[in-house]
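Here is a briefing for a first look. Please have the sequence and the 3D view open.

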Amino acid sequence: MKNKWVQVKSANQDQSNADELDFMDKPTKKKDFEFYCVVDGKLCKLEINKNENPCEVASKFIADHKLDPSYLNDIQNYIVKNCDAYLPPGRNAFFPSDKYYTYLNADIRAVKVKLLEFTNFVQKSQHVPPANIEMLALLANFPDEVTEEQMQSLDTIITWNDEYLFPALDLLRLAVRCKGVGARVGNVTFINNLLQILRSTKIVINRVSVIKIFCNLFEVKECLELMITNQEKILDTVKETLFASHKVEKANSSLILNYSVAAYSGLPVNIYIESYCVNV
């Protein structure tokens with residue numbers, strides 16, 4: 001398309017209908033490919049070298065010209081089609097992410113209310129005083145330091161009976177991101193305890209919470225290696241519970257995504273990921 005202005009297809013326009021706008025002589029090109037494109041009525045210059053990443057070029061093009069981010073895939077595809085470029089592994093229409101998916105949102109006030117309620121119903125040996133629960137809830141703020149008292153309370157509430165367990169697991173989902181907690185739970189015993197909860201619980205929200213904890217462990221330095229070395233055991237156990245509900249299937253999809261990201265990052269993921277996938 002040398003010396004020709006063309007229009008990059010919009011999100012709702014087929015490339016075959018791209019309009020040829022004009023011919024004109026252009027100065028010597030500084031890059032291997034240079035296009036002038038009309039997007040949303042704007043005349044925009046798109047430049048790329050053969051060895052550049054189409055994803056990065058398209059993102060920069062959108063940022064430079066203040067375009068709608070929804071055009072990203074269209075621009076990437078245009079570059080691939082017209083510049084003999086290739087999307088790198090892990091960057092395509094089906095898998096555009098190279099970051100671990102984590103679950104960090106929570107209504108910590110509601111979690112604390114449930115913990116304060118349930119501590120009155122559990123066995124006396126598992127009772128956690130209200131003042132300790134107040135301190136325990138602070139783990140949701142990801143403090144750099146964690147006290148021994150907080151860890152003891154956390155160890156206690158995650159042993160509560162199945163019907164009282166879900167607020168404890170919800171807090172644990174956040175607490176593992178704390179440096180002090182991550183260092184303490186980074187062991188096979190912790191992984192096995194979570195798997196045992198997953199196998200034994202009859203409550204869907206408990207299953208979902210355990211899988212979300214596994215997702216968050218990918219960003220915990222002390223636990224990432226455990227998630228990799230125990231990958232088959234974890235995924236096989238999760239697969240056994242998959243069809244309990246749609247929520248479990250969705251959480252599993254996030255877990256599969258994280259293992260895919262780990263593989264893309266060069267970590268030794270040896271399982272056949274597609275065998276664990278479901279439609280969500």
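Phe 218 and Tyr 259 are both buried (under 20% relative accessible area). This is a predicted model: local features need pLDDT of at least 70, side-chain atom pairs count only at pLDDT 80 or more, and totals for chains, interfaces and linings use all residues. Residues are numbered from 1 along each chain as its sequence is written, and side-chain values use heavy atoms, without hydrogens and water.

**Aromatic pairs**
- A search of the whole structure finds seven aromatic pairs (ring centres of Phe, Tyr or the six-membered ring of Trp within 6.5 Å).
- The ring centres of Phe 35 and Tyr 78 are 5.5 Å apart with planes at 80°, so this pair is edge-to-face (planes over 60 degrees apart).
- It links distant parts of the chain: Phe 35 is in strand 3 and Tyr 78 in helix 2 (residues 72-82), 43 residues apart.
- Phe 35 and Tyr 78 are both buried.
- The rings of Phe 218 and Tyr 259 have centres 4.9 Å apart and planes at 85°, so they too are edge-to-face.
- Phe 118, Phe 121, Tyr 164 and Phe 166 form one aromatic cluster.

**Strands** (DSSP runs of E, at least two residues, numbered from the N terminus)
- Strand 3 (residues 33-39) and strand 4 (residues 42-48) pair in the antiparallel sense over seven bridges (DSSP pairing needs at least two).
- Glu 34 stands opposite Glu 47 in strand 4.
- The two strands form a hairpin with two residues between them.
- In the turn, Asp 40 has a positive phi of about 55°.

Terms used: Helix = DSSP H or I, 4+ residues; strand = E, 2+ residues; numbered from the N terminus. Phe/Tyr/Trp six-rings, centres within 6.5 Å; stacked < 30°, edge-to-face > 60°. Buried < 20%, exposed > 50% of the residue type's maximum accessible area, 1.4 Å probe, protein only.
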